Amino acid sequence: MTIFGHTISMSQLYGQLLIGLINGSFYALLSLGLAVIFGMLTIVNFAHGAFYMMGAFVAYFLLHGLGLNYWWALILAPLIVGAIGAIVERLFLKRLAGFDPLYSLLLTFGLALIIQGLFQNYFGASGMPYAIPKQLAGAYNLGFMFLPVYRGWVILASAVVCFATWLIIEKTKLGAYLRAATENPTMVRAFGINVPRMVTVTYGFGVALAAFAGVLAAPINQVRPGMGADIIAVVFAVVVIGGMGSILGSIVTGFVLGVIEGLTKVFYPEASNTVVFVIMAIVLLIRPTGLFGRAA
Amino acid sequence: MLGMAEAALARTPAAADKTVLSVKGLQAWYNESHILHGIDLDVREGEVVTLLGRNGAGKTTTLKAIMGIVRKRIGSVVFDGKELIGLPIDRIARHGVAFCPEERAIFASLSVKENLFLPPPISKAGAMSVEHIFSLFPNLRERLASGGGKLSGGEQQMLAIARILRTGARFLMLDEPTEGLAPVIIQQIGRTIAELKREGFTILLVEQNFRFASTLADRFFVMEHGRIIDTFANSELEARMDRLHEALGV
């Protein structure tokens, strides 16, 4: 098959599709966390990439410091980093409630730089390897290609966590509180619900999603301080395309854009790094609120 | 209308001696503007008390200040023996103060059912069963699956009242429940409030619709420029008419 002057083999196509789905898994998890946070706090959380990186580092410390393996890290790292997020919300972000969102944007951006700088100072810019857990080593032979077991696991884990988050927000009582407080926090408080605590937990939860993605990423990419900064620009583009604060939009857009990026690598590799931003520009021109966003 | 009024007033508890809400010297601000200049009012158990006054007199602010929704307030608000000044909004709600705002605040991103079940129960005793709520507002049962944003004004008002009956709060603050509604809906709201009173709810009502209020209220407080300028019982209403017309500009 020849497109744009490139000869393409089927295995190359499937390979890039798979990489696209994996990247999409990370985009979806990260943009979902951003959407959850933005919906409730109207904060554009620029520290999201730093928390993602911290998730991977916590997994690394747990393994090499405490001997706790990958499966422990998958549970503990989101809890630990999420708790740090909750503290950040209580200490800093809470004080900016009611101000222009620009302030919290600057604050989280500054936090991201500080966190990343500290990690770089202590651990250097180069990566530290994190081994794939032995249960997930190896590959399946799908006939037309080999699927590394770990990559399949990442897609599955991300899809399950995204779906569960969507389910909680759209179908449960807790989710109803969240959606109601997004619309009118004062009235939800007037029903006797402790909205400030809910805001803290929500921020912690969004951050925990980022840390979960970080743990998933640790065996694929190396654990390094710059890993968050690398991915976060694309994730913000995904959030803009999906529509700020849209839960379903962030999940679907995350996976779809990962695949589009992968396909672009096959058909027109020169554009693979820019295609997401081109789509973002087009969406902003046609639908400024994003594909799934509601007009404000 | 008259029959309804008699029914409502007939049950006026003569024994209404226990003060549920006692407000003294309440002052409140919105940002820099000083809205309430020292409100004194009291509501006894089982009473319907109505705040009258022109637009901007401070009626809504009085309810919001009791609920804790204004940022700055001083004075004393004692509810059920507890001082509410200094407590956050959600704690005040948990003490049993329920608020139905003028704008109704139905959540558009929630279904009618989710709206109805949103407020968590604050007390098992006195909570109205869902069946009873549907008997008061039959329309709501049919609209349960609808989105909160799809309701008519009347349905929104019914849902807003229904929502706070489920929680076990026995003290309701209703801000202009008839505003912008058709006469037939206003009658239904009126019958509902009369029924709530019969069932022993205590109600602090803000109303522009003076005729509506006169059929329900045991006592009136008249507000002007953030102060209470007059108070009287329903039985004194006739005698006060001229002065009221002047104060309310109706």
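The questions below concern a predicted model and turn to its interface, its core and its salt bridges.

Visitor: How much area do chain A and chain B bury between them?

Guide: The contact draws 17 residues from chain A and 22 residues from chain B. Carbon and sulfur atoms carry 63% of the buried area. The total for chain A and chain B is about 1,700 Å².

Visitor: How many residue pairs are in polar contact between chain A and chain B, and which element gives the most residues to the side of chain A that touches chain B?

Guide: Eight residue pairs are in polar contact between chain A and chain B, both residues being at pLDDT 80 or more. On the side of chain A that touches chain B, two or more residues come from each of helix H6 (173-183) and helix H7 (185-190) of chain A. This side comprises eight nonpolar, four polar and five charged residues. The element that gives the most, with six residues, is H6(A).

Visitor: Which element supplies the largest share of the largest nonpolar core?

Guide: The largest nonpolar core holds 174 residues, and those touching the most other members are Leu216(A), Leu21(B), Leu165(B) and Leu204(B). The largest share of this core is 14 residues, and its source is helix H1 (residues 10-41) of chain A.

Visitor: Which leucines does Leu204(B) touch, leaving aside residues up to four places away in sequence?

Guide: With those sequence neighbours not counted, the contacts of Leu204(B) include Val43(B), Val49(B), Ile66(B), Phe171(B) and Met173(B).

Visitor: Is Ser25(A) buried or exposed?

Guide: Ser25(A) lies in helix H1 of chain A. Not counting residues up to four places away in sequence, Ser25(A) touches Val154(A), Ile155(A), Ser158(A) and Phe255(A). Its relative accessibility is 0%, so Ser25(A) counts as buried.

Visitor: How many residues apart in sequence are the parts that Asp218(B) and Lys197(B) tie together?

Guide: A search over all chains finds 15 salt bridges, and the side chains of Asp218(B) and Lys197(B) meet in a salt bridge with an N to O distance of 2.9 Å. Both Asp218(B) and Lys197(B) are buried. Because Asp218(B) lies in the loop between helix H9 (210-214) and strand S9 (219-224) of chain B, and Lys197(B) in helix H8 (residues 183-198) of chain B, the parts tied together are apart in sequence by 21 residues.

Visitor: Which residues are linked with Asp42(B) in a network of salt bridges?

Guide: The members of this network belong to chain B. Linked with Asp42(B) are Arg44(B), Glu47(B) and Arg219(B).

Note on methods:
Residues numbered from 1 in each chain as written. Chains lettered and ligands numbered in written order. Predicted model: local features only at pLDDT ≥ 70, side-chain atom pairs only at ≥ 80, totals over all residues. Heavy atoms only, no water. Contact = heavy atoms within 4.5 Å. Buried area = accessible area lost by both parts, 1.4 Å probe. Polar contact = N/O pair within 3.5 Å; in protein donor to acceptor, adjacent residues only side chain to side chain. Helix = DSSP H or I, 4+ residues; strand = E, 2+ residues; numbered from the N terminus. Nonpolar A, V, L, I, M, F, W, Y, C, P; charged D, E, K, R; others polar. Core = buried A, V, L, I, M, F, W, Y, C linked by side-chain atoms within 4.5 Å. Buried < 20%, exposed > 50% of the residue type's maximum accessible area, 1.4 Å probe, protein only. Salt bridge = Lys/Arg side-chain N within 4 Å of Asp/Glu carboxyl O.
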